Amino acid sequence: MSLKKRENFLPYGLPCHDEAEINGVIDAIKSNWWSRGPKVSEFEEKFAALVGAKYALAVNSCTAALHLALLSHGIGPGDEIITTPYTFCSTVNTIVHTGATPVFADIDESTGLINPDEIEKKITPKTKGIIPVHYAGQSCDMDRINDIAKRHNLFVVEDAAHAVCATYKGTPIGGGHNAVAFSFYATKNLSTGEGGMLTSDDEEFINKARVMSLHGMSRNAWNRYSKGGSWRYDVEYAGHKYNMTDIAAALGLAQLNKIDGMQSLREEYAYIYGKAFEDLEGIEPLEISDKGRHAWHLYAIRIKSDKLDIDRDEFARIMTEDYNIGISVHFIPVHLHPFYVNNYNTTRGQYPKAENLFDEELSIPLYPAMTKDDVEYVAEAVREIALQHAK
Ligand SMILES: *Cc1c(COP(=O)(O)O)cnc(C)c1O
């Protein structure tokens with residue numbers, strides 16, 4: 001080992017903030033709008049403009065946005081929704097929450113994205129919708145997925161938790177016809193601490209989701225505390241409590257102002273990694289498509305077990321213990337989690353591409369609060385480990 005261990009631990013992910021976020025939150029507190037108020041409306045409008053959506057509904061997580069999208073599409077027991085096993089559990093959990101049955105379609109191993117051919121094989125008379133996940137910040141093959149949906153009369157809800165600023169064939173993710181769910185979790189590309197957004201070009205769909213997001217109350221319930229607001233409301237459904245607060249929206253508005261700069265840094269850092277790993281046989285970054293802009297939420301590499309004398313777990317251990325670098329793995333395929341094994345009889349071997357990628361995947365730090373020196377240190381550490389352990 002020639003590279004010295006970092007003095008301070010480099011976390012795997014951190015939010016990126018300055019005085020703007022701090023002042024925005026103080027402003028929200030002083031305004032006395034501590035729950036949903038004018039900042040949430042402003043954030044919805046500005047976010048919709050960023051992604052080219054007609055309508056946007058701010059909520060307290062991407063999980064809430066996905067759940068509302070399914071409810072607004074009228075999904076319930078007896079329905080089947082096709083999604084990828086290669087995602088965060090919440091994508092699939094929300095299907096379970098509606099009473100519908102999740103059905104998995106395997107991925108393309110080179111990108112981590114759902115394979116449209118596999119989707120097609122899983123369609124039955126009960127299938128109602130598809131949830132593709134724009135893994136790592138790269139768009140799925142939306143032309144093919146939208147075409148399958150159209151031919152079989154299915155809806156598409158896109159999980160864009162990683163994909164703020166991503167595009168597909170010139171259109172921002174969020175700017176098409178589908179409902180799209182975004183995450184503003186602490187370490188996502190744009191953050192409100194906890195938060196999410198549901199976008200759509202269908203006014204009726206968004207209005208239904210909006211009512212469901214606040215106890216099923218109609219008549220602009222959030223407005224009832226302002227001057228001219230009425231105390232009267234109707235409960236139309238047994239809804240949920242999913243609304244965003246003005247304090248969170250203040251963070252979101254500050255982040256929106258700097259999203260372009262944050263995105264450029266992610267691109268610059270991803271480029272540095274790509275160059276550094278080019279000649280390494282044991283390290284294989286995932287494939288990048290030329291069909292759109294990558295949001296670079298994750299920098300995922302494969303630790304090639306056939307080219308190295310160590311596996312991913314050992315590689316990860318060395319990164320953390322010998323170099324002081326935080327790492328992560330995205331994702332443990334959902335069908336391998338005990339809940340799904342026990343309730344849906346899923347087993348290893350069912351989705352081999354997702355399993356193969358999981359076995360070798362390592363996510364290394366990539367976020368705008370890192371310095372260029374941090375990025376170069378991580379790149380050098382990966383190089384050193386890969387060269388020392390080459391077969
Ligand atoms: C983070 C994440 C979610 C959930 O986002 P929350 O805002 O935490 O609910 C959903 N899907 C994917 C792919 C994610 O990475």
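In this predicted model, the shell around the ligand is made up of six nonpolar, eight polar and two charged residues. In total, 16 residues surround the ligand, and the closest of them are T63, D159, H162, S183 and K188. A backbone N or O atom of C62 is placed 2.8 Å from a ligand oxygen atom. Of the 380 Å² of accessible area that the ligand has on its own, the protein covers 92%. Two or more residues of the shell come from each of the elements α3 (62-72) and α4 (89-98).

Elsewhere in the chain, an open sheet of three strands is found, with the order β12-β13-β14 and antiparallel pairing. The edges of the sheet are formed by β12 (283-285) and β14 (361-364), each of which pairs on one side only. On average, neighbouring strands of the sheet are turned by 35° against each other, direction ignored. The antiparallel pairing of β12 with β13 (residues 299-303) extends over three bridges. P285 has I301 of β13 as its bridge partner. Helix α8, which spans residues 246-277, packs on this sheet and touches β12, β13 and β14. The direction of α8 makes about 20° with that of β13.

Definitions and conventions:
Residues numbered from 1 in each chain as written. Predicted model: local features only at pLDDT ≥ 70, side-chain atom pairs only at ≥ 80, totals over all residues. Heavy atoms only, no water. Pairing = 2+ DSSP bridges. Helix = DSSP H or I, 4+ residues; strand = E, 2+ residues; numbered from the N terminus. Axes fitted to C-alpha atoms, helices over the stretch in contact; angles between N-to-C directions. Contact = heavy atoms within 4.5 Å. Near = heavy atom within 4 Å. Polar contact = N/O pair within 3.5 Å; in protein donor to acceptor, adjacent residues only side chain to side chain. Areas by Shrake-Rupley, 256 points an atom, 1.4 Å probe, with all protein chains shown as cover. Nonpolar A, V, L, I, M, F, W, Y, C, P; charged D, E, K, R; others polar.
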